[in-house]
Amino acid sequence: MTAHAGRLFLVLLACAAALPSRSTEAGFPRSASQQAMLERREVVVDAELDSALGRGTVRAAIRIAAPPSRVYAAMTNCETALTFVPHLRECVVIDRDPQGRFEVISHVSDVGWFMPTSRYMFRADYDPPRSVEFRHVAGDFRENEGRWDLIPVDAGRATLVTYRVRVVPTIPVPQWAVRGILKRELPKLLQALR
């Protein structure tokens, strides 16, 4: 494992189905109440699940009292990621661009008794310290793609971190499991990053 392998950090919502969209273009967080939640150091999660299709839209945000470069360095450290990313058991860099523009990363995560261990590979494209974009390469998902954006706030002294993901597992996932992961694991991950 290397320091850059943690750029995956993207194990979150291993069972969730979500539709990506550019958070800044979509105006996320959208409402005054969501903005107030961020000011109170809370995690904002915006999810719309379609149980008929087994998909949905999931976005999350948190405000961190550190500049984007510091947040980016923390979230792209594999050894650190293993300590705070819920259910992440293994991350290994399979391939790396010599200039550091991308990596292909293998993950193993264990969500719990109700889901089998997930093994998957994805490509992470980097734009430090602004964003990490990732997409499925192989493994236990039909689709696994999303993006982290780190937006400077307070004249660059703080960061608004937004996250969106589209994950479609190869097996059906009960909606109660998806909702549970969204309610518990996404806030835990973002709070641990902070």
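The model is predicted, so local features need pLDDT of at least 70 and side-chain atom pairs count only at pLDDT 80 or more, while totals for chains, interfaces and linings use all residues. Residues are numbered from 1 along each chain as its sequence is written, and side-chain values use heavy atoms, with hydrogens and water left out.

**Whole chain**

Show the protein as a cartoon, in which you can look for five helices and eight strands; these are DSSP runs numbered from the N terminus, a helix being H or I with at least four residues and a strand being E with at least two. Of the 194 residues, 49% count as buried, where buried means under 20% relative accessible area, exposed over 50%, and partly exposed in between, with a 1.4 Å probe and protein chains only.

**Helix α3**

Select residues 68–75, which form helix α3, and colour its buried residues, Pro68, Val71, Tyr72 and Met75. Seen down the axis of α3, these buried residues fall within an arc of 100°, so they line one face of the helix; the arc is that of the directions from the helix axis to the C-beta atoms. Serine 69, also in α3, is partly exposed, with a relative accessible area of 45%.

**Strands β3 and β4**

Next select strand β3 (residues 88–96), which pairs with β4 in the antiparallel sense over seven bridges; two strands pair if DSSP finds at least two bridges between them. Leucine 88 has serine 109 in β4 as its bridge partner, and in the hairpin, which has five residues between the strands, glycine 100 takes a positive phi near 80°.

Now show the side chain of glutamate 103, which lies in β4 (residues 102–109) and is buried, with a relative accessible area of 1%. This side chain makes a polar contact of 2.7 Å with the side chain of arginine 96, and another of 2.8 Å with that of tyrosine 126. A polar contact is a pair of N or O atoms within 3.5 Å; within protein, one must be able to donate a hydrogen and the other to accept it, and residues adjacent in sequence count only if both atoms are side-chain atoms.

**The cores**

Finally, select Trp148 and Val161, the residues with the most contacts inside the largest nonpolar core, which has 33 residues. Such a core is a set of buried Ala, Val, Leu, Ile, Met, Phe, Trp, Tyr and Cys residues joined through side-chain atoms within 4.5 Å. A second, separate core of five residues includes Phe28, Leu38, Ala61 and Leu160.
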